Structures are given as C-alpha cells and as structure tokens.
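Please view the sequence and the structure before reading the points below.

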Amino acid sequence: MGVQSGLKLVYWWSQETNRSPLPVFTEETMTKRVVLSLLAFAALASGCNFKTGPLPPIDVYFSPKGGAADAVVRALGAAKQTVFVQAYSFTNKEIAVALDRAFDRGVVVHVILDKSNVGANYSDADFVAHHGISVLIDGKHPIAHNKIMIIDGEVVITGSFNFTNQAEEHNAENLLVIHDRGMADRYLANWHDHEAHSEPYTGRGEVAQKPANTRERHSKKKQGILEE
Ligand SMILES: [Zn+2]
C-alpha cells in the first residue's frame with residue numbers, strides 16, 4: 001500500500017468513525033492525524049514489528065583481545081540453572097574455572113568435546129571432569145567443530161571463538177551472545193542429538209562406560225528416580 005492510498009484510507013476511516021455527530025475537522029486535528037499516519041507508515045516501511053516488540057539483545061565480540069573470553073566468563077557467572085557446552089578445543093583456564101564455579105553453585109553442567117581432547121596433555125577437559133562435571137566425547141565426526149554454550153535455556157553463546165587462550169589472545173575470531181529462548185531450544189535439541197552418540201570422559205585418556213544420557217537423567221530426576 002502506497003502512502004497516497006494509505007492517507008486516503010486514514011481520511012476515510014476518520015470520516016467513518018466520526019459520522020455522528022458530524023465531525024469537526026480543524027486544521028490542527030487533520031495535521032495531527034496525517035503526521036501520526038505518516039509515522040505509522042514509516043515504522044512499517046522500516047520493518048518495525050509491532051507484534052514482537054524490539055529485537056532480543058545480541059552482543060558480539062571480536063578477537064584478538066576483544067573481551068570474548070571475559071564475556072563467556074560473565075555469562076557463566078550469571079548462570080542459575082543449566083549450562084550445556086559443545087567445544088572443539090577447550091584450554092582457557094578462566095572459562096574452565098567459571099564453569100567449575102557454576103557447577104559448585106548447583107548449576108547443572110554438561111560438556112561435549114571433540115575427540116582431540118582425549119589423550120592430550122592435562123587439559124580443561126580433565127580439569128572439569130575431575131571436578132565432577134559431566135564430560136562427553138563426540139567422536140562421530142571428522143571434527144566436532146561447534147563452539148557453543150546454552151545457558152539457562154535462554155542464552156546462546158556461539159561463533160568461531162574456541163574456548164582457548166589462543167582464540168582470545170591471537171586469533172581473528174568472533175563470538176555472539178544471543179538472548180533468545182527459541183534459539184536456545186534449537187541449539188539444545190542439536191546438543192542432545194550429539195549427546196546421543198557421544199561417550200563419557202572421566203579424565204585424562206579414559207573413555208568410561210556410557211551412563212544414561214542427560215535426557216533420561218533429567219526425566220528420571222523429574223520423576224524423583226535420580227538425584228543429580
Ligand atoms: Zn556429534
């Protein structure tokens with residue numbers, strides 16, 4: 001609809017809604033109506049979505065030394081219920097410690113890592129596994145290359161940024177922190193898809209017997225069958 005026909009419609013509407021008693025169209029009221037309708041058309045033309053309101057906040061950080069690691073640590077510090085991690089490389093000590101602190105606060109933490117983390121020198125995988133955090137190894141792909149955290153079902157952290165000092169200090173990387181429950185649901189569903197074919201990791205170089213997956217554990221926890 002063009003502005004011309006829109007104005008005609010507004011004029012028609014003004015007449016229809018003021019038929020009785022007869023409308024008094026002062027120059028001032030007509031000017032106000034025209035200005036308001038023009039503003040409405042401008043908002044629609046610029047893509048403003050009246051149904052959903054403002055877009056959810058999304059932050060972005062760029063490496064090197066752009067604050068990406070600090071952003072991850074802050075997000076983990078604010079976690080209250082759950083943190084699901086998928087990582088290719090995981091060697092940033094501050095991030096590992098923040099994950100461990102969240103776990104100590106009672107946050108449910110689950111980590112899936114690429115198989116390259118097995119057998120490496122003592123890594124953050126060992127650090128968090130030895131602190132009791134659930135660590136799984138996804139060996140099904142040539143590279144399990146995701147770098148994702150899903151926090152409290154509403155925050156998704158992702159991008160090219162590996163959870164490493166190299167990524168923070170030297171590489172050219174980007175990291176998005178997305179506040180969006182719908183997006184978090186989609187990432188979490190994909191996390192569970194990878195969980196289904198991953199193997200537990202208990203510490204350096206060891207792949208243990210596979211326990212019930214987190215979906216089953218959460219279900220059992222809800223039913224009071226399993227403490228977690
Ligand atoms: Zn997988």
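A nonpolar core is here a set of buried Ala, Val, Leu, Ile, Met, Phe, Trp, Tyr and Cys residues joined through C-beta atoms within 7 Å. The model under discussion is predicted. Its chain contains eight helices and nine strands, and 28% of the 228 residues count as buried.

**Nonpolar core and contacts**

- The largest nonpolar core comprises 43 residues.
- Within this core, the residues with the most contacts are V72, A75, V83, L99, V111 and V135.
- V72 touches I95, M149, I157 and F163, when residues up to four places away in sequence are not counted.
- Among the contacts in the chain with a separation of 6 or more, 69% are between residues 24 or more positions apart.

**Pairing of β2 with β5**

- Strand β2 spans residues 82-87 and strand β5 spans residues 148-151.
- These two strands run antiparallel and are joined by four bridges.
- F84 has I150 of β5 as its bridge partner.

**Pairing of β5 with β6**

- Strand β6, covering residues 155-159, runs antiparallel to β5, and four bridges join the two.
- I150 is the bridge partner of F84, and I150 also has V156 in β6 as a bridge partner.
- β5 and β6 form a hairpin, with three residues between the strands.
- In the turn of this hairpin, D152 has a positive phi of about 55°.

Note on methods: Residues numbered from 1 in each chain as written. Predicted model: local features only at pLDDT ≥ 70, side-chain atom pairs only at ≥ 80, totals over all residues. Pairing = 2+ DSSP bridges. Buried ≥ 20, exposed ≤ 12 C-beta atoms within 10 Å, placed from the backbone. Contact = placed C-beta atoms within 7 Å.
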